[in-house]
Each structure stands twice: as structure tokens, then as C-alpha cells.
Amino acid sequence: SKWYSRDLRQWIRDFGPDVLFFASGDYQFAYDIAYRISCDFDIPMIMYCCDDYYINRLNPHALLSRPIHSNLMRSVRKCVSRSVGIITICDKLTEAYKELFDCPIYTVYTGSSTAGEENPGGKGIVYLGNLGYQRQKSLVDIGRALKRISAKTGEQLYLDVYSGESREEILRDLTEDNGIIFHGSVDSSEVNKIISESRLVVHTESFEPENIYKVQYSISTKIADLLASGHCILAYGPDNIASMEYLQDNHAACVVNDRARLEVELERILSDREERCRIVQNAKALAEKNHRREMVSLKVTQIMETVR
């Protein structure tokens, strides 16, 4: 489209920006727009990369995947040449991009304003979030493990799932026979209440190789809120995914990376209130260190100030 209009150019001159903050993605045209504005008006750029758009992004099933990715990376490198810094959302992505780009790269974790009270004595086991990347398969593993624990202990345990998911091929597995009660979507105002009544809040990823490949550098945006919630996190998924590594390295969740260990670890954490308390304390400390919204804001501001 004819985006480079006289009005846009005049608006940029009138505004007189010190820096161009570019929230990048996987659309080449956006890089071309950012690069042209940066060059024509001599505005330094800061790129914000909240996902892995550049590494291992070739789709083996797409005919034009290689030339499309090559063209994207050509535009990406142009933008990097105009950038005084790149911001990522986790250290694993930062380290990967340091190998790829000759540019200062900073980690700024997702912020959270949640400040839940510590309550390791709740009752429910809950999952809130989307069910993309076949996460429902891992939820079924958890639900079935809870059913087996219920049969041994006599306590009625279910995994309560709250999601706006509507695809039948996913929902057909989220049944009480599999130890799951699916509640559908929930208003954001209800999320804190649901978490406040829980014994465990679940974060999970798929064990399927094609999904590990897609999310290995990602940290779910909801993790910041879960860490600050005051409730114990159960993290179930492969050990080579950034979110799992982050929680395990900081002892901020009960992390299970092995299907064969799920039932044992789940039974242990459900019965061990002291361990849940220790995990919650570590999680709250991590949230304070890396995710407090005011601190995150300040960090981004300090990076911007390097432009001056």
C-alpha cells in the first residue's frame, strides 16, 4: 500500500522521535517500513523480539519456505544494522540472538501487576490458558494421573481447565473420563478468584517434537502472573523448553519433565504442604526480581536512554 505518505512524513518531523521502538514479528513488510523510516529520518531503532522469529523457522512442508525465510532475514539484518539494541523476553532467546546478531541484546521479562497472597492450602488443580501446540495432550496426562491418585487416596481430584478453545478435535479429550472438567472461557475478572482457590496452578507444554521445535525459546506471558500469584505451579513438559528451564533453574515450580514420573511427583506435591510453601516463596521472589511491572518499565526506559 502507499503507506509512505506526505502526512506520515510530516507527522514524524513534527513529533521528532528520539528512537523508533519496533515490535518485530514474522512479516517482512513491517521490517521494510521500520528500516525506511529509520534511514530517511536518521532515527536509531530498538527492536523488541518476544518470540523466535529467526531461528529454525523453515517449514519443511511449505514449498516456498526457504526463499520466504531468506527474504525475511535480509530485511531483519537491515533493521539490526540500524538498531542500538534488541530486547527479548528470556535469557535463552537472548543467548541465541547473540550468536546471530552483532548488536547489544537485553533480556526484559514480561511484567506483572499481580500480587496474590500466599495460600498453599487451596483445593483445586487448575489450568487457565490457550490449548495451542497440542497442550491438551499433556493436560490429559495430568488428568489421568489425578484419577489414579484419587483411586488410591479416596480424594476426588480433577483438573479444572478454563479456556476459550472451541475445536472439537481438542475438546473431545477434555472429559471427566480423563480426569478433566472443561469450563470453557472465563472472564478475566474471575481469573484471580479461581487461582486463589487452587492448590496447584498448571503450566504445560507438549512433548511432541514438532511442538518443542516451535516453543523452545518461548516463555508464556501468563508465567509472570502465576509466579506472583502466591500459589504453587506444576510445570509439566520437556526439559529443553525455555519456560521449563526458567522455572526449574529458579526452583519456582514443581517441574516434571518425564511422563513416567508424573504420577509420583504429582502425588508427592499434592500431599507436601511444606514443599508447596517453599516453591511459592521462590516463585514470589523470582516475580519480584524479574517481573514487577514498575521494574520492567524502568529497565526498558534505561535501554531507551542509551540512545541519547
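## Close-up views of a predicted model

View 1. Tyr133 is partly exposed, with a relative accessible area of 40%. The residue belongs to the loop that lies between β5 (124–128) and α5. Its phi is positive, about 55°, although Tyr133 is not a glycine. Most residues other than glycine have a negative phi.

**View 2. Asp42 in the loop between α2 (28–41) and β2.** Asp42, a residue other than glycine, has a positive phi near 55°. Is Asp42 buried or exposed? With a relative accessible area of 58%, Asp42 is exposed, because exposed residues are those over 50%.

**View 3. The open sheet formed by β1, β2, β3 and β4.** Four strands make up this sheet, in the order β1-β2-β3-β4, and their pairing is parallel. Strands of a sheet pair through backbone hydrogen bonds. Strand β1 runs parallel to β2 (residues 45–49), and four bridges join the two. Within this pair, Phe22 is placed opposite Met47 in β2.

**View 4. Helices α3 and α4 lying across strands of the sheet.** Helix α3, made up of residues 65–81, lies across β1, β2 and β3 (83–88). The direction of α3 is at about 115° to β3. Helix α4, residues 91–100, lies across β2, β3 and β4. Relative to β4, helix α4 runs at about 170°.

**View 5. Buried residues of helix α10 and what covers them.** Which residues are buried in helix α10 (residues 242–249)? They are Ala242, Ser243, Met244, Tyr246 and Leu247. The elements covering the buried residues of α10 include the helices α4, α9 (222–228) and α12 (273–290). Also included in this cover are the strands β8 (198–204), β9 (232–236) and β10 (254–256). Following α10 is His251, which has a positive phi near 50°.

**View 6. Packing of helix α5 against helix α11.** Helix α5, residues 135–153, packs with α11 at an angle of about 60°, and the two axes are 9 Å apart. That angle makes α5 oblique to α11. The crossing of the two helices is right-handed. From α5, the residues that take part are Asp141, Ile142, Ala145, Leu146, Arg148, Ile149, Lys152 and Thr153. They meet Leu262, Glu263, Leu266, Glu267 and Leu270 in α11. By class, this contact of α5 with α11 has seven nonpolar, one polar and five charged residues.

**View 7. Glu265 in helix α11 (residues 262–271).** Why does Glu265 count as buried? The relative accessible area of Glu265 is 14%, and buried means under 20%, so the residue is classed as buried. Leaving aside neighbours within four places in sequence, Glu265 is in contact with Cys254 and Val256. Ser218 is 47 residues from Glu265 along the chain, and the C-alpha atoms of these two residues are separated by 25 Å.

Note on methods. Residues numbered from 1 in each chain as written. Predicted model: local features only at pLDDT ≥ 70, side-chain atom pairs only at ≥ 80, totals over all residues. Heavy atoms only, no water. Pairing = 2+ DSSP bridges. Contact = heavy atoms within 4.5 Å. Axes fitted to C-alpha atoms, helices over the stretch in contact; angles between N-to-C directions. Buried < 20%, exposed > 50% of the residue type's maximum accessible area, 1.4 Å probe, protein only. Parallel < 35°, antiparallel > 145°, perpendicular 65-115°, else oblique. Left-handed = near helix turned anticlockwise from the far one by under 90°. Nonpolar A, V, L, I, M, F, W, Y, C, P; charged D, E, K, R; others polar.
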